[in-house]
Amino acid sequence: MVVGALGILTLISGIGCVHQPSANTTAIPFPLETEDDRLGIDDTFQVRIYGEPDLSGEYRVSADGTIDFPLAGRLRVQGLRVGDLQQEIVTRLKGRYLLNPQVTVMVLAWNSRKVSVLGQVSKPGPVPYFPNMTIVDAIASAGGFTSIAAKNSVNLRREVSGKVETRTFPVADISEGRSPNISVLPGDVLVVDERLF
């Protein structure tokens, strides 16, 4: 359903993003901050330790930014990158409990990262962000457009250097492949207006 055509570079002005969009998306036409893999409150992730199924499991970052991990105790994970968390678990387990633990951490949901989708969508409100999320993905996550939505006039608001900037995108054209898809980031706000009859 999400089909984007590369081209129509007239939509692109300003500085492109460092974020790596998929091949069928276009960098949003105003500056943005680099996306990273730092964990936040309410994010969920899976830890796998090779050969140790009792130590492997799913975890959610608590309101105080920690998790309780078997044998390693309470770990402060808020603000850590995934690779840093892997290393912290290895450090806590190596030597005392395991000879050479092989640890893998995989994020299941970035619940601390939200994109707000407001206006004429079926389920307005915040939706969970995922890497390489596009404007079409965000609208779909909010249940899609209502019957009175202005589908080709979706406003994307983003804070850039302390100032809110707004751009309007033709989401119906994007979803039908007539315009390139647009990447969104956590903290973005999409507003779908009511169409004029």
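Which residues form one aromatic cluster? They are Phe45, Tyr59 and Phe69. The model is predicted: local features need pLDDT of at least 70, side-chain atom pairs count only at pLDDT 80 or more, and totals for chains, interfaces and linings use all residues. Residues are numbered from 1 along each chain as its sequence is written, and side-chain values use heavy atoms, with hydrogens and water left out.

**Overall build**

The protein has 3 helices and 11 strands. Both kinds of element are DSSP runs numbered from the N terminus: helices are H or I with at least four residues, strands are E with at least two. From the N terminus, the order is β-β-β-β-β-α-β-β-α-β-β-α-β-β.

Of the 197 residues, 42% count as buried. Buried means under 20% relative accessible area, exposed means over 50%, and partly exposed lies in between (1.4 Å probe, protein chains only). The protein exposes about 10,400 Å², and carbon and sulfur atoms supply 52% of that area. Accessible areas come from the Shrake-Rupley method with a 1.4 Å probe; for residues, only the protein chains shown count as cover.

Among contacts with a separation of 6 or more, 54% join residues 24 or more positions apart. A contact means heavy atoms within 4.5 Å.

**Confidence**

The predictor's confidence in each residue is its pLDDT, from 0 to 100. The protein's mean is 84, and 82% of its residues reach 70 or more. Confidence is lowest in strand β1 (residues 25–26), at a mean of 48, and highest in helix α2 (residues 135–141), at 97. Over residues 1–28, pLDDT stays under 50. The model still has 58 contacts beyond four places in sequence for that stretch. Where pLDDT is low, the predicted coordinates should not be read in detail.

**Aromatic rings**

Rings of Phe, Tyr and Trp (its six-membered ring) pair if their centres lie within 6.5 Å; planes under 30 degrees apart count as stacked, over 60 as edge-to-face, and the rest as tilted. By this rule there are 2 aromatic pairs. Tyr59 and Phe69 form a tilted pair, because their ring centres are 5.3 Å apart and their planes stand at 35°. This pair links distant parts of the chain: Tyr59 is in strand β3 (residues 57–60) and Phe69 in strand β4 (residues 66–69), 10 residues apart. Both Tyr59 and Phe69 are buried.

The charged end of Arg113 sits over the Trp110 ring, 3.9 Å from its centre. That label needs NZ of Lys or CZ of Arg within 6 Å of the ring centre and within 35 degrees of the ring normal.

**Around Thr134**

Thr134 lies in the loop between β7 (125–129) and α2. Its relative accessible area is 3%, so Thr134 is buried. Asn181 has its place in strand β10 (residues 181–182). At 0% relative accessibility, Asn181 is buried too.

| Side chain | Partner side chain | Distance |
|---|---|---|
| Thr134 | Asp137 | 3.0 Å |
| Thr134 | Asn181 | 3.3 Å |

**Phe169 and Ile135**

Phe169 lies in strand β9 (residues 163–169). With 2% relative accessibility, Phe169 counts as buried. Phe169 and Ile135 are 34 residues apart in sequence. In space they are 8.7 Å apart, C-alpha to C-alpha.

Note on methods. Polar contact = N/O pair within 3.5 Å; in protein donor to acceptor, adjacent residues only side chain to side chain.
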